Amino acid sequence: LKGLDYLPDHEEALRLGLLQVLKKGGQVPNSASSYFIAHNWEGADGETADNKEGTKLLFLQNFHANLAISASREIWVWFDFFSIPSHPGRRQRLLSTGATSTSGSSAPSSAVANMQ
């Protein structure tokens, strides 16, 4: 997320190589260094991921400092906005192709971002 001036949705974050898809039985990420964040929608229409100041993006870009975590520590973040498919058509295509979640259910797979 470093260097971005906007918060990408799931599809764009995947395209940019910012996410790692979670796999059942996978070793990454380590749960001891993983954080789960839910966001709230912004704007008058309630459909904007971040506010005009970009505070969510700035918080994520400065995650280590904001939580007083050593910059050398590997951190993984599951942030609902970019960790799961955001477009209904994409979710439906994943379901129709039999894609599975990390739990083996028929829900779309999710992904995490490495905050290094």
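Colleague: As I understand it, two strands pair if DSSP finds at least two bridges between them. Which residue stands opposite L19?

Modeller: A113, in strand 4. Keep in mind that this is a predicted model. L19 belongs to strand 1, residues 19–21, which pairs with strand 4, residues 111–114, in the antiparallel sense. That pairing runs over 3 bridges.

Colleague: And how many bridges join strand 3 to strand 4?

Modeller: There are 2, and those strands run antiparallel. Strand 3 covers residues 76–79. W76 has N114 in strand 4 as its bridge partner.

Colleague: Back up a bit. How many helices and strands does the protein have?

Modeller: It comes to 5 helices and 4 strands. Along the sequence the order is α-β-β-α-α-β-α-α-β.

Colleague: What share of the residues is buried?

Modeller: Of 116 residues, 35% count as buried.

Colleague: What share of the contacts comes from residues 24 or more positions apart?

Modeller: 66%, taken over the contacts with a separation of 6 or more.

Colleague: On to the inside. Which residues touch the most other members of the largest nonpolar core?

Modeller: L7, L60, V77, F79, F82 and M115, out of 17 residues in that core. At least two core residues come from each of helix 2 (55–61), strand 3, helix 4 (80–83) and strand 4.

Colleague: Pick M115. What does it touch?

Modeller: Leaving out residues up to four places away in sequence, M115 touches L1, L60, F63, H64, I75 and V77.

Colleague: New topic. How many salt bridges are there?

Modeller: The count comes to 2. One joins R15 and E12, whose closest N and O atoms are 3.2 Å apart.

Colleague: Where do R15 and E12 sit relative to each other?

Modeller: Both are in helix 1, residues 10–15. They are 3 residues apart there, which means about one helical turn separates them.

Colleague: Is R15 buried or exposed?

Modeller: R15 is exposed, at 62% relative accessible area. E12 is partly exposed, at 23%.

Colleague: What about the salt bridge of E42?

Modeller: The side chain of E42 meets that of K56, at 3.3 Å from N to O. E42 lies in the loop between strand 2 (34–37) and helix 2, while K56 is in helix 2, so the pair ties together parts 14 residues apart in sequence. K56 has a relative accessible area of 13%, so it counts as buried.

Colleague: Now the rings. How many aromatic pairs turn up?

Modeller: The search of the whole structure finds 5. In one of them, Y35 and F63 have ring centres 5.2 Å apart and planes at 70°, so that pair is edge-to-face. Y35 is in strand 2 and F63 in helix 3 (residues 63–66), 28 residues apart, so the pair links distant parts of the chain.

Colleague: Is F63 buried or exposed?

Modeller: F63 is buried, with a relative accessible area of 2%. Y35 is partly exposed, at 26%.

Colleague: How are the rings of F36 and W78 arranged?

Modeller: They form a tilted pair, 6.2 Å centre to centre with 40° between the planes. F36 in strand 2 and W78 in strand 3 are 42 residues apart, and this pair too links distant parts of the chain. F36 is exposed, at 62% relative accessibility.

Colleague: Last one. Which residues form an aromatic cluster?

Modeller: Y35, F59 and F63 form one.

Methods. Residues are numbered from 1 along each chain as its sequence is written. This is a predicted model: local features need pLDDT of at least 70, side-chain atom pairs count only at pLDDT 80 or more; totals for chains, interfaces and linings use all residues. Side-chain values use heavy atoms; hydrogens and water are left out. A nonpolar core is a set of buried Ala, Val, Leu, Ile, Met, Phe, Trp, Tyr and Cys residues joined through side-chain atoms within 4.5 Å. Buried means under 20% relative accessible area, exposed over 50%, partly exposed in between (1.4 Å probe, protein chains only). Contact means heavy atoms within 4.5 Å. A salt bridge is a side-chain nitrogen of Lys or Arg within 4 Å of a carboxyl oxygen of Asp or Glu. Rings of Phe, Tyr and Trp (its six-membered ring) pair if their centres lie within 6.5 Å; planes under 30 degrees apart count as stacked, over 60 as edge-to-face and the rest as tilted.
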